Amino acid sequence: MTASDVSQEVVTQATGKVDAPVTESWRSRRRQRRAEAAADRLSKPAASTIAIVIAVLWSIPTLGLFVTSFRTVDDIQSSGWWTAITNPLFSQYNYQAALVDSGLASNFVNSFVITLPAVLIPITLALLAAYAFAWIPFRGRNTLFVAVFALQIVPIQVTLVPLLSLYVDVGVAGSFWTVWLSHSMFALPLAIFLLHNFMKDVPPSLVEAARMDGAGHVTIFFKVLFPLLVPAIAAFGVFQFLWVWNDLLVALTFASNDATPLTAAVADLAGTRGNAWYLLSAGAFITMVVPLVVFVSLQRFFVRGLLAGSVKG
Amino acid sequence: MSTRSRKSSRAAVAAGLGAVVALAGCASQEEAGVSSGGSTAGAEVASSEIDCSQFEQFGDVDGSEVEVYTTIVDPESQSFIDAFGPFEECTGISVNYNGSRQFEAQLPVRVNAGNAPDIAFLPQPGLLAQMVATGQVAEPAQAVVDNVDQFWSEDWKNYGTVDGTFYAPPLGANVKSFVWYSPSAFAEAGYEVPETWDDMLALSDQIVADHPDSKPWCAGIGSGEATGWPATDFLEDVVLHQQGPDVYDQWVAHEIPFNDPQIAESLAQAGGILKNPDYVNGGLGDVRSIASTEFQDAGLPILDGQCWMHRQASFYQANWPAGTDVSEDGDVFAFPTPVINEEVGSAIVGGGEFVAAFNDDPATQAVQYWLSTGDWANLKAQASQPGWFSANLELDPSNLQSPIDQLAVEQLQDPESTFRFDASDLMPAQVGADAEWQQLTDWIASDQSDQQTLDNIEAAWPQ
């Protein structure tokens with residue numbers, strides 16, 4: 001699927017109404033013409049060249065990191081990674097030292113243990129909240145919705161110390177719960193906002209028809225809305241997964257010694273005085289692999305989902 | 001893109017990668033230079049050596065857990081964990097060792113949130129004062145104070161004291177007053193290790209005359225965002241040796257301004273080496289290359305014979321490549337910074353950690369007590385790889401692995417020699433960890449004048 005297709009889909013979703021067949025065909029013709037024009041513009045040689053140059057420039061640092069991670073310590077310390085082209089000498093020992101000797105393997109597991117609940121908890125809660133905000137009328141709904149969304153502007157840094165003292169008072173400090181709960185709290189405003197916008201996009205006639213047939217909230221949620229929301233959930237899931245996986249601040253503050261994720265472990269990888277900094281490129285790649293796989297395989301949902309959230313208010 | 005062309009391009013990429021791999025050499029483990037099993041300690045800790053009855057004063061602490069929070073991470077942390085072994089066997093306390101390089105940012109967060117560790121190893125007296133100000137640091141047990149009185153010099157005890165109250169016994173130490181050189185190269189050229197600063201300058205001139213293709217000195221002050229700290233060490237070393245401990249203390253406490261004429265004299269003395277194009281920068285470039293060379297790499301030209309002397313702390317030994325013979329007649333070794341002022345004599349600028357307790361539970365006090373004993377220092381020395389030592393007077397230098405550590409400990413234990421803590425760690429952070437680094441970097445990189453440099457640092461001092 002090309003970028004223009006994606007944006008077209010977004011436009012359709014954003015209109016949010018079921019149009020009459022006549023306008024629909026007119027629209028689809030116009031859409032097709034625009035898509036062809038866009039495809040023409042994008043496939044011009046100049047545009048392609050520029051795109052390729054940008055892509056190459058963008059990937060060079062990552063490539064350099066990748067090459068460095070396989071070089072020997074002496075080479076890393078004495079010459080740049082590009083010299084490996086003329087004088088190739090590679091070893092896997094950086095990875096061995098990082099994964100086995102420095103114990104990144106167990107931090108890798110910790111990262112998963114932290115990330116999966118920290119993605120599932122906010123999505124579950126946000127789906128329920130978004131449903132209520134979108135389809136259950138109650139007093140103060142709009143005010144509450146604005147209030148929830150406004151929480152996004154609170155920087156997480158100011159919440160660290162108060163939150164940690166709360167955890168200490170409750171007695172959960174040092175467990176995985178603190179990390180899961182913190183990530184969930186920080187994610188909920190955006191999650192509710194995004195999923196709410198998706199739910200609002202579902203034609204009201206669908207929900208009303210289901211209600212006429214005697215469906216309650218639970219049935220409407222699972223039978224009508226949920227299948228339509230899968231792309232949105234995937235989009236937010238990817239977003240939250242990347243955020244939690246790459247997070248250092250929350251992990252440093254809340255995760256106990258045994259629960260340290262990869263990011264925090266890589267930060268300590270270079271040793272007390274930084275002597276082992278040659279391990280960092282290998283450590284960085286070990287950290288990058290999972291987000292890279294997740295992002296590349298779910299990229300479609302990611303772009304579509306975020307755009308949809310942003311064009312609607 | 002059609003499926004077929006995608007497949008063929010993938011095949012092409014795979015073939016290309018295969019060709020690269022086939023052409024590339026595969027390094028053996030020695031060539032790779034990665035020490036495998038880097039966390040194995042130098043020697044096994046002998047567990048039966050200690051007297052368990054010394055812990056009876058803390059009552060029944062069996063089954064308690066004590067968290068120790070430090071800056072020291074793997075692989076250096078393993079010997080700490082090993083050295084707790086006999087203590088854990090005696091007392092039944094389990095010590096939960098937790099090291100993080102983000103310690104200095106995280107400790108205040110934890111303390112303010114009421115989640116303080118039981119014990120923290122504070123790398124700076126300034127951080128100790130900051131922690132004491134939160135009111136959460138507990139005073140040590142009397143047995144700890146007695147140990148410190150007995151096993152450490154007055155200088156060291158003072159740095160664990162805040163406003164007249166003693167809080168934190170010292171732990172490890174490092175010595176910054178060292179000049180690295182190559183004993184084998186010196187022997188070959190017939191040079192003697194200099195006893196005084198003037199001898200050292202005369203030797204430098206001699207090297208300039210004898211060896212036109214090398215330089216007597218190499219230096220590097222690059223260290224990421226902390227670029228400049230090696231230059232502050234250089235200046236501190238000269239100030240202490242030239243002006244003496246009293247002026248040094250006044251300078252640290254800002255009783256004399258940073259741009260005092262005495263400090264200016266010392267900066268000029270340091271500049272006589274660091275900014276002398278005849279003397280620097282062996283194997284690395286001109287004077288300016290000092291600012292752009294990472295400190296880890298700055299001494300390495302000594303091994304190639306392109307440089308003869310490099311002033312850097314004892315912990316620089318970790319930066320020599322594997323297989324380098326660090327000993328009194330080996331590839332590299334260090335001599336103490338030579339005497340500048342006869343009245344001051346030998347002096348040491350150094351650093352160290354201090355053990356602060358955040359509660360007065362018997363188990364916490366027992367850990368703090370154990371860390372202040374001579375038994376611990378000796379067990380830790382046996383378990384450590386080169387690079388760790390303590391200023392504990394009970395520490396037997398023969399327990400240390402590395403000759404440079406033994407030399408450092410002999411210096412620290414010498415009653416004649418004065419010890420002063422690294423001044424930039426004692427000054428306010430705006431000066432010691434900001435202005436001084438930047439201005440001394442400019443002093444080298446853009447040839448800023450001595451007076452301008454000192455004036456700028458003085459201006460940064462918080463009012």
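This is a predicted model: local features need pLDDT of at least 70, side-chain atom pairs count only at pLDDT 80 or more; totals for chains, interfaces and linings use all residues.
View 1. Helices are DSSP runs of H or I with at least four residues, and strands are E runs of at least two, numbered from the N terminus.

**View 2. Side by side: who meets whom between α7(A) and α9(A).** From α7(A) come Arg141(A), Phe145(A), Val148(A) and Phe149(A), and they meet Pro189(A), Ile192(A), Phe193(A), His196(A) and Lys200(A) of α9(A) (contact: heavy atoms within 4.5 Å). Sorted by class, that's six nonpolar, one polar and two charged residues. Nonpolar covers Ala, Val, Leu, Ile, Met, Phe, Trp, Tyr, Cys and Pro; charged covers Asp, Glu, Lys and Arg; the others, Gly among them, are polar.

**View 3. Chain B splits into two domains.** Domain 1 takes 53-175 + 351-419, and domain 2 takes 178-348 + 422-459, with bounds from an automatic or database domain assignment. Their C-alpha centres lie 30 Å apart. At the contact, domain 1 of chain B puts in 22 residues and domain 2 of chain B 17.

**Notes.** Residues are numbered from 1 along each chain as its sequence is written, while chains are lettered from A and ligands numbered from 1 in the order written. Local features need pLDDT of at least 70, side-chain atom pairs count only at pLDDT 80 or more, totals for chains, interfaces and linings use all residues, and side-chain values use heavy atoms, leaving out hydrogens and water.
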